[in-house]
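Subject: Structure for your files

Dear colleague,

Please find the structure below, with the sequence. My notes come after it.

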Amino acid sequence: MRAISAFLLGAGCIVASAAQAEDAPPAGAADDRFSLGLIVVTAPRAEGVGIDSGTLSSEAIYTFGRTALDDAVNLMPGVVAGNSGGTRNERLVFVRGFDRFQVPLSIDGIRVYLPADNRLDYGRFLTTDIAEVQVAKGYASVLDGPGAMGGAINLVTRKPTKALDIDVRGTVNFDNDTDYAGYSTSAMIGTRHDRWYAQASYARSFTDHWDLPNGFTPVLPAMEDGGARDFSRTRDWRMNAKIGFTPNATDEYALSYTKQAGAKNAPLHISDTVTTPRFWNWPFWDIDSVYFLSTTALGELGTLKTRAYYYRFDSMLRSFNDRTQTEQSRQYAFDSPYFDEAWGGSAQLDVRTSAANTVRLAAHYRHDKHVEAQTSFSNTGVPSVEPRQTQTENSFSLALENELALSAALRLTLGGSFDWRDLKKAEEYGSPLGTSGTPAVIYQYPRRDAETWNLQGRLDWDAGGGLSVHASLSSRARFPTIFERFSQRFNQAIPNPELKSERATNAEIGALWSNGRARLEGALFYSWVEDAIFGVAIPAYPCTASTTPPAVATPGCALRNMTQSRNVGSGEYYGVEISASATILPGLDAGFNYTGIKRDLSYAANPAFRPTGVPNHKGFAWLDWAPAGGLHIIPSVDLAGKRWTLFTATPTGQPQVYYRTGGYATVGLRIDYAVSEQIDLGIGGRNLFDSSYTLTDGFPEPGRSLFASVRARY
């Protein structure tokens, strides 16, 4: 209650963002954002470098060299990049403390969702060829679809702005010893005319390796001996092609195709002597999508927006005998391919019922299909190939939103939605629970449908003098994944078909002030989390046909220590965001942002648990100094406090141990010189003082890196 009181008491003393994100560009400026691909983000865009509470511009991404999505959004207040650690070693993003399961990721407003487990690796999503990253925090409009329990992230692709629009960029990366470490490149060519436009873009990033800091001391040299980080090689590329038809000033129709392909290795834990190391890699991690987007004016009173799409996601996880990654002849070696598909669409109808009131109705449908078929190996030399197992489900959402202008300066928006999920098929291959020792077969998990609701409201006030204020309250839920409901986690977990949705109620109050040369914004936020999903330990669980303890052991079946996903957690996330940017003097711009957040999340069965991955304090600051024509010198500082992580080298049967790690302050520098109006050259570096820090137990972050870049535009 004291925290809530402090939140309400401080509400009038902090500044934050307001208004709608889809503001028009300044007069005379062309907008290169693919407007059909925008979602509703309640924050206006900043110009120039463009780092604000809700949007991140392509100029900021290029200026600070953030080629992967996790690294890019870490520039923003309220958003934190992290590392999952473990054998998967995936790059993560947290939005005000909410993770990848609770914050949907979309490209041009169409969700990227992996039907089995939705374990998105944000390091696989490139940013060099996009126009903007949108981040909705806390209040994510119900019109954009289900699942946005803690917010939403959207990548907006580019659109040509003139008859011949060309943008080519290239960067070569160097490690701590100035040896070649990889490269990134992107190219876009497009054309725009009165009634149509077309564009193709390509982006590629290759990491040969990255270096650990020079101060790194090996703990287990067989796992990591320092210098170039073992197994840090990655490769990613993406292409996008679109063609659009604009028959008049209000209507637009576009067909777009995106293909994304990646491959990665997984560095090993540097010090865990208890957990058996796993030598995993992903030879492919590919996404294909084709989608149609449209907006049509219905006379003077309404607008119809539609989206239709088809997605395909193919990936392969391979496990090898040892670090040479050449043989698969042990019991833990396997090939695990996923073949996933999704198709669906949405329609949104906006109706202006009066000069002061607009009603919006949206409907979403999505069909997800997951197929897997593992090949296991052993020292017999004969691989065991599973038959294909399929899980399919449909999801639906109906949303209603009403926006009412209470006066010329005051606007009230109320919205709600109803989501439901229809599970059609949930196959597994093996011996069903309670039938240990019987021949493996394909069987069905118990199927359960689910439904949930979402409600939200927002009040916006234009106070005049460049000041706008808002307050919002939003209650959103998200359905658990198939993995959370059914995965047996190598026979260590019990399925739970009855698993319910998680829910968060998000409150926010804040304001934005801008006078053209200076911009100041911030927010106070508070989230109540209910029915959070945790893996609950079930010691000495008998082998039985039941999926819910207590149960009676089947004769001859050994007792096992198991876990089960359950809705047992609750807690509160609260904090503050502040950001500012200004032109201090002609040729000198500056900006900074700060996030302070506290997460209290727990469940009674494990009092030692701590929510991992998010520091209590995080900030970013930069200067852009132009001392002479065409020359820009841009120093920057990233900083973050420590965050909780789980000590993995805990012997079996011992309680889990959490500790804090990850505090850092790193310095970057970029120097750009415009050779002409069309060509820029740049050099710079990240973590220039070679700081050592770790975001998750056993997985240190890169040391110093350097780069040289070129950019050409026409």
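Predicted model: local features only at pLDDT ≥ 70, side-chain atom pairs only at ≥ 80, totals over all residues.

Residues are numbered from 1 along each chain as its sequence is written, and side-chain values use heavy atoms, with hydrogens and water left out.

Salt bridges

I took a salt bridge as a side-chain nitrogen of Lys or Arg within 4 Å of a carboxyl oxygen of Asp or Glu. On that rule there are 46 salt bridges. Helices (H or I, at least four residues) and strands (E, at least two) are DSSP runs, numbered from the N terminus. Buried means under 20% relative accessible area, exposed over 50%, and partly exposed in between (1.4 Å probe, protein chains only).

Arg-124 and Asp-236 form a salt bridge at 2.8 Å, N to O. Arg-124 is in the loop between β5 (110-112) and β6 (130-137) and Asp-236 is in strand β11 (residues 234-245), so the pair ties together parts 112 residues apart in sequence. Both Arg-124 and Asp-236 are buried.

Asp-167 and Arg-711 form another salt bridge, with the closest N and O atoms 3.5 Å apart. Here Asp-167 belongs to strand β8 (residues 165-174) and Arg-711 to strand β36 (residues 705-713), so the pair ties together parts that are 544 residues apart in sequence. Asp-167 and Arg-711 are both buried.

Asp-230 and Arg-323 meet in a salt bridge at 2.9 Å, N to O. This pair links distant parts of the chain, with Asp-230 in the loop between β10 (196-207) and β11 and Arg-323 in the loop between β14 (302-320) and β15 (334-354), 93 residues apart. Asp-230 is buried at 17% relative accessible area, whereas Arg-323 is partly exposed at 32%.

There is also a network of salt bridges that links Asp-350, Arg-360, Glu-401, Glu-403, Arg-411, Arg-458 and Asp-460. A charge sits over a ring if NZ of Lys or CZ of Arg is within 6 Å of the ring centre and within 35 degrees of the ring normal. The charged end of Arg-458 sits over the ring of Tyr-139, 5.9 Å from its centre. Likewise, the charged end of Arg-421 sits over the ring of Phe-479, 4.9 Å from its centre.

Aromatic pairs

Rings of Phe, Tyr and Trp (its six-membered ring) pair if their centres lie within 6.5 Å; planes under 30 degrees apart are stacked, over 60 edge-to-face, and the rest tilted. The whole structure holds 23 aromatic pairs. One of them, Phe-125 with Trp-285, is edge-to-face, at 5.9 Å centre to centre and 90 degrees between the planes. Phe-125 is in the loop between β5 and β6 and Trp-285 is in strand β13 (residues 279-298), 160 residues apart. Phe-125 is buried at 0% relative accessibility, and Trp-285 is buried at 7%. Tyr-365, Phe-396, Phe-418 and Trp-420 form one aromatic cluster.

The sheet

Two strands pair if DSSP finds at least two bridges between them. An open sheet of 5 strands runs in the order β1-β6-β7-β4-β5, with mixed pairing. β1 (55-57) and β5 stand at the edges with a single partner strand each, so one side of each has no neighbour in the sheet. Strand β4 (residues 105-107) pairs with β5 in the antiparallel sense over 3 bridges, and Leu-105 stands opposite Val-112 in β5.

Regards
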